[in-house]
Amino acid sequence: MRGLMEAKRPIWSSKISFILAATGSAVGLGNIWRFPYVMGQNGGALFLLIYILIIATICFIPMIVELLVGKTTKKECVGAYESINPKFKTFGIMCPVTGILVSSFYFVVGGWIINYFLKSLINFKCNDYLKYFSDFTQDGVSVCACTLLFLFGCVFFNARGIKKGIEFANQVLMPLFALLLLFLIVVSLNLPNAHLGLEYMFKPDFSKLNSQMFLAALGQAFFTLSIGPGTLLTYGSYIKEDKSIAKTAYTIIIFDTIFALSAGIMIFPAVFSFGLEPNSGPGLVFVTLPEIFSQIPYGEIISVAFFILLLCAAMTSGISMLEIPIATFSERFKMTRKKACGLLFLIIASISIPAGLSFGILSGMTVFHKTIFELLDFTTSNIMMPLNSLILCLIAGWVMKIKGKSFLQNEKLSKLFDVGLKYVVPVVLILLFYMGLK
Ligand code: PHE
């Protein structure tokens, strides 16, 4: 992006480029790939209800806090925590570590998309898309090659200082992506038995309520909004003058939720129509989408377009994850951006390759019954991201004593924010952890 200049401390060129980058970070695979499958594994409509409750009541506060801490300290994560109190340095280090671990499984899925995109170029038709997905993910060479390609693509943009290419991707491709999504929703809703998918999504069955759902919904909310690993803190540190942080947070949350719900409405009617299992896990989108494409007129062309756009959405999020350790490497160790990117490429490749292989030759390697891929996903989304955020909220509320009136005009709202930051968010987060982990 032009606004992120190559000076010592990059600065966004305009409010719009900052909002777009932050929204681009939020809207990604978390909405299209992760949301439907986590919802499918956690009971459908009831999960959705809990998820929306968490988004509407808690996520707003940690999001604002991250952006504010970045904006006021004007430092990358480790420096930001250190400048609040040198004793907090370890909490700062947790951010780039989380960023690296999240990227390591995210980039595997990015690799899957590259494969599906390439396949759709040569007219991808097969009899059993479920079998294709499982065969492909077990093929170590293809998975690793695609993962490294996706990683390289993202690192390339980071190394160039996030220039016009990404701004273009955010400004033009995201609306295009939204239009295609809308089109696919219409197609999916017209499939036979589509209403069963909608019922699954919107008719909660309270008898299925369990404590794991809360942790899963919390993890999904933090993952999709990019809260916790320090992306928002890092992006916030590039803000120049006073921007309306609260409005930015609302904008991101609203767009992100619209994208997630749209993905669900696109996927679930198709899942039920094709007789697939909603709880089939990470492969859900990769099986249903090709099925849809194979059944609609001009499906081949639409599938190419869809996977390109999904790739762009995934890349804007991938780039934002990489920016956390890159900012830390370059500012703390005085590395050039390019060197920091090279080092990061090696680190992430060495973790994402075993993660990618965990559907094939490393599938037997499990910890707590989870493969490397599942472990990375579970620990970063459900534990590290909310935990980082809890720590930052405690520091912001009790040490920095951030007050709502410093950025909110409305007195009532700012009082609500103060109570939320000091008491409600920490208590709810601790409770959700307790319920989900016990
Ligand atoms: N929010 C992104 C998505 O939904 C993922 C992400 C997580 C990005 C953490 C940055 C940091 O795909």
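How far apart in helix α6 are Lys131 and Asp135? They are four residues apart, a separation of about one helical turn. Helices here are DSSP runs (H or I, at least four residues), numbered from the N terminus.

The model is predicted, so local features need pLDDT of at least 70 and side-chain atom pairs count only at pLDDT 80 or more, while totals for chains, interfaces and linings use all residues. Residues are numbered from 1 along each chain as its sequence is written, and side-chain values use heavy atoms, with hydrogens and water left out.

**Salt bridges**

The structure holds seven salt bridges, a salt bridge being a side-chain nitrogen of Lys or Arg within 4 Å of a carboxyl oxygen of Asp or Glu.

Glu76, Glu82 and Arg332 are linked in a network. Glu76 lies in the loop between α3 (45-73) and α4 (77-84) and Arg332 in α14 (residues 299-332), so this pair ties together parts 256 residues apart in sequence. Glu82 lies in helix α4, so its bridge to Arg332 in helix α14 ties together parts 250 residues apart in sequence.

**Accessibility**

Buried means under 20% relative accessible area, exposed over 50%, and partly exposed in between (1.4 Å probe, protein chains only). Glu76 is buried at 2%, whereas Arg332 is partly exposed at 29%. Glu82, at 25%, is partly exposed.

How values were computed:
Helix = DSSP H or I, 4+ residues; strand = E, 2+ residues; numbered from the N terminus.
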